[in-house]
Amino acid sequence: MSSLRHRFPGVLDGWSRFDGPAGTQVVDSAITAMTNWLSDGSNGCGGGYFDAAHRADELVERTRATVGRLFNADPAGIAFGPNMTSLTFALSRAIGRTLQPGDRIVGTRLDHDANVTPWRLAADGAGAEHVLAPFDPVTGTLPPQHVIDLIDERTKWVTLPGASNLLGTAPDLKPIIDAAHAAGARVFIDAVALAPHHPIDITALGCDALATSPYKWYAPHSGMVFVQPDLLEQLPVFKVRPSHDHGPSRFETGMPNFEGLAGVEAAARFLLEEGMANIQAAEQALFEPLLRGLQAIPGVTVWGVQGMEGRTPTAAFTVAGHSPAAVSQALAAERVAVWDGHNYAVEVVDQLGLAESGGVVRAGISRYLELDDVHRLLAVVEQLATR
Ligand SMILES: Cc1ncc(COP(=O)(O)O)c(C=O)c1O
């Protein structure tokens, strides 16, 4: 399947951008949508009687509808905000007001901290308990039973990763969601690391809430959360008095980032047109040589890899005798962009015992990378490892 590099002006400078798990380059149609929005008189506020105000209202509704189609979710539950972390804090703060002393929130150690600390603070504030299920450190997977064992009659919320932003592994969510619901608990999914790579069907999953970061799926910087509309209606959200009392905008504080939403809508359409199953297949075709190539280099350890199934195309690796930061620097010197460290997956590096040694190097596949990028990365790592 051919690369879509030509759709991404941000990668035409010759850099190999494996930093997609931290934030992707923006697709051309999203850039155009934002530029048009800012230059054709649409910019302003919604809720008025003039043309531009109508366009603002229509944009918000259109973006909810397109993102709803992308994730097969009711648009009435889709809210936008600055990023996933802010939206999760807003949600956990509202949920915290519904918790009682003795209640329990169950999370996991496979998560990014944006799906750990907001819940810890909500639990602490209510005198509730927050517990974390460990993942399997060898395979990097999260056996559903590890979470299910912690769910009991006190459990009000279970918070799960759609995929690990560090190891790339994607847990089997359905059995955990079912067990949580059977115990009367609700489920929140951090789908930030899953959404760029994998089809997500919120209706089929049956989760109560799910968040993603559109800037990881070729859109501008922004966040999106879905909350089941009935639940969203009941939640004691923090809002100012004049803002909407009903619908998803009761969760959106202040004026939306309209120009950003124009980009989000266009990026969601890009994913729908390309098809998530096609994107997944094209990325796997690059990830396989990346993974096999890294595993073949003496001194390189790829963390949390069981196989190609049940994962996203993100590799976390270390090189014996070289700190992750030094590997990152060597790659940057050859115009290969990666991230190193914990990448906010604090619990993951801690459980792997890598916290003191600088974490890992993380390289992720995005739809604008090609085989020559993979070879360039492997050549630098190989040279460093055998030095
Ligand atoms: C898995 C995961 N969850 C949450 C976040 C936080 O997202 P945001 O930057 O939109 O707050 C990230 C960002 O890297 C992530 O990878």
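Visitor: How do the residues of the shell around the ligand divide into nonpolar, polar and charged?
Guide: In this predicted model, the residues around the ligand include Met84, Ala114, Val192, Ala193 and Tyr215, and these types count as nonpolar. Asp190 and Lys216 also belong to the residues around the ligand, and Asp and Lys count as charged. The shell as a whole therefore divides, under that grouping, into five nonpolar, five polar and two charged residues.

Visitor: Which residue has a polar side-chain atom that lies 2.5 Å from an oxygen atom of the ligand?
Guide: Asp190 has a side-chain N or O atom 2.6 Å from the ligand, but the ligand atom there is a nitrogen. Ser213 does face an oxygen atom of the ligand, yet the distance from its side-chain N or O atom is 2.6 Å. The residue with a polar side-chain atom 2.5 Å from a ligand oxygen is Lys216.

Visitor: What share of the area that the ligand exposes when taken alone does the protein bury?
Guide: A side-chain N or O atom of Ser213 lies 2.6 Å from an oxygen atom of the ligand. Taken alone, the ligand exposes 390 Å², and the share of this that the protein buries is 90%.

Visitor: Why is strand β8 largely enclosed by the rest of the structure?
Guide: Side chains in a regular strand alternate between the two faces of the sheet. In β8, Gly223, Val225 and Val227 are buried on one side, while Met224 and Phe226 are buried on the other. Strand β8, residues 223–227, is largely enclosed because the number of its five residues that are buried is five.

Visitor: In β8, which residue is the bridge partner of Ala209?
Guide: Strand β2, residues 78–81, pairs with β8 in the antiparallel sense over four bridges, and there Ala79 stands opposite Val225. Strand β7, residues 209–212, also runs antiparallel to β8 and is joined to it by four bridges. Within β8, the bridge partner of Ala209 is Val227.

Visitor: Which strands stand at the edges of the open sheet, each with a single partner strand?
Guide: The open sheet is formed by four strands in the order β9-β10-β13-β12, with antiparallel pairing. Each edge strand has a single partner, so one side of it is left without a neighbour in the sheet, and these strands are β9 (300–302) and β12 (339–341).

Visitor: Which residue in β10 does Val300 stand opposite?
Guide: Strand β9 pairs with β10, residues 314–319, in the antiparallel sense over three bridges. In this pairing, the residue of β10 that stands opposite Val300 is Val319.

Technical notes: Residues numbered from 1 in each chain as written. Predicted model: local features only at pLDDT ≥ 70, side-chain atom pairs only at ≥ 80, totals over all residues. Heavy atoms only, no water. Near = heavy atom within 4 Å. Polar contact = N/O pair within 3.5 Å; in protein donor to acceptor, adjacent residues only side chain to side chain. Areas by Shrake-Rupley, 256 points an atom, 1.4 Å probe, with all protein chains shown as cover. Pairing = 2+ DSSP bridges. Helix = DSSP H or I, 4+ residues; strand = E, 2+ residues; numbered from the N terminus. Buried < 20%, exposed > 50% of the residue type's maximum accessible area, 1.4 Å probe, protein only.
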